[in-house]
Amino acid sequence: MSEYTKALELIEKSRYILIITHVNPDPDSIGSALALSNLFHENKIKHKVFNISSDLPQNLDFIPRFDKISDQLPAFFDLAISVDCGTYKRLGFELDSTIPLINFDHHKSNNNFGTVNIVDSQKSSTAELVFEFFKHNGLYITKDSATALYVGIYDDTLAFSLGRCDEKTFEKINFLVECGASPSEIANKLLRRDSLAKYRIIPKILESLELFKEGEVASIVAREEWFKETGAHNRDCEDALDMIMSIAIVRIAVFIRVVNGVSRVSLRSKGQIDVSKIAGEFDGGGHYNAAGCTLDMIDVEKAKDIVLKEIFEVYK
């Protein structure tokens, strides 16, 4: 029996389902969760979409049922579904070990921590795996679920530009458009609703750029006071790292900022440089060319030096 079939059996047997999005949720986690939520809502399956925080990316508020995401755990649930959680820690809380868990994920760092594991690091996104769950089980994809899945795939592939995005990914995207997802509407919602604060903090972050190894290794930081000065949110500065990776000579880059009292580290690379190994040294994880971790300190300069030391061990 396939994992997709096992997952559906658990869903059909359950009385109340908790769908868990990861700490600091991104469009793939939220899109995957809301695709399932719309399916459950349409079929009168009792459930709740949960995130450990009420601080959600508001640029995703156009996805149907976004307003139903809660930071309050239900009094009772007999099945949990995690979406896009590369490690168990990414759930944000300890789940009762007696409750079965369906683990949807596409991160290399995932160690199959679920009761049922729909995990494939070769897939472009977790949303692509949720799509396959729908198709394998003959489940109808409505316009609402199609929109949620499209958002997840679109964002996690950097608008279909990553190597993990292949012809099968585009076949799925085409099917989602046939189901009612609107590429132009989704792109407009995701790309053209920036805050003014974003354009005040990004120049400061770019000014912090340091280059090493003849420009092949790059680092940037965002200081706590810059967020206070500009009124920016930590999500306002996420494009800065992609800007640095757009520099031709840069092969590996690290971005460090303080989020919730710890230093959040984002790593990116080009070609055959596995940054998930570097993140793994600090109990983090992710993909071959995109990974992250946290360091328990608020000094971003100190955190930067610690991570750079590890980078230089790997990239000599």
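1. The model is predicted; local features need pLDDT of at least 70, side-chain atom pairs count only at pLDDT 80 or more, and totals for chains, interfaces and linings use all residues. Residues are numbered from 1 along each chain as its sequence is written, and side-chain values use heavy atoms, leaving out hydrogens and water.

2. Look at helix 4 (residues 143-156) and helix 6 (residues 183-191). Their axes come within 11 Å and cross at roughly 60°. Axes here are lines fitted to C-alpha atoms, for helices over the stretch in contact, with angles from 0 to 180 degrees between N-to-C directions. Helices are DSSP runs (H or I, at least four residues), and strands are E runs of at least two, numbered from the N terminus.

3. T147, Y150, V151 and Y154 of helix 4 meet P183, I186, A187, L190 and L191 of helix 6. Contact means heavy atoms within 4.5 Å.

4. The whole structure holds 15 salt bridges. Each is a side-chain nitrogen of Lys or Arg within 4 Å of a carboxyl oxygen of Asp or Glu. D120, K123, E128, E132 and K172 are linked in a network of them.

5. D274 pairs with K108 at 2.5 Å, N to O. D274 lies in the loop between strand 9 (262-269) and helix 10 (275-280), and K108 in the loop between strand 4 (101-105) and strand 5 (116-119), so the pair ties together parts 166 residues apart in sequence. D274 is buried at 8% relative accessibility, while K108 is partly exposed at 41%. Buried means under 20% relative accessible area, exposed over 50%, partly exposed in between (1.4 Å probe, protein chains only).
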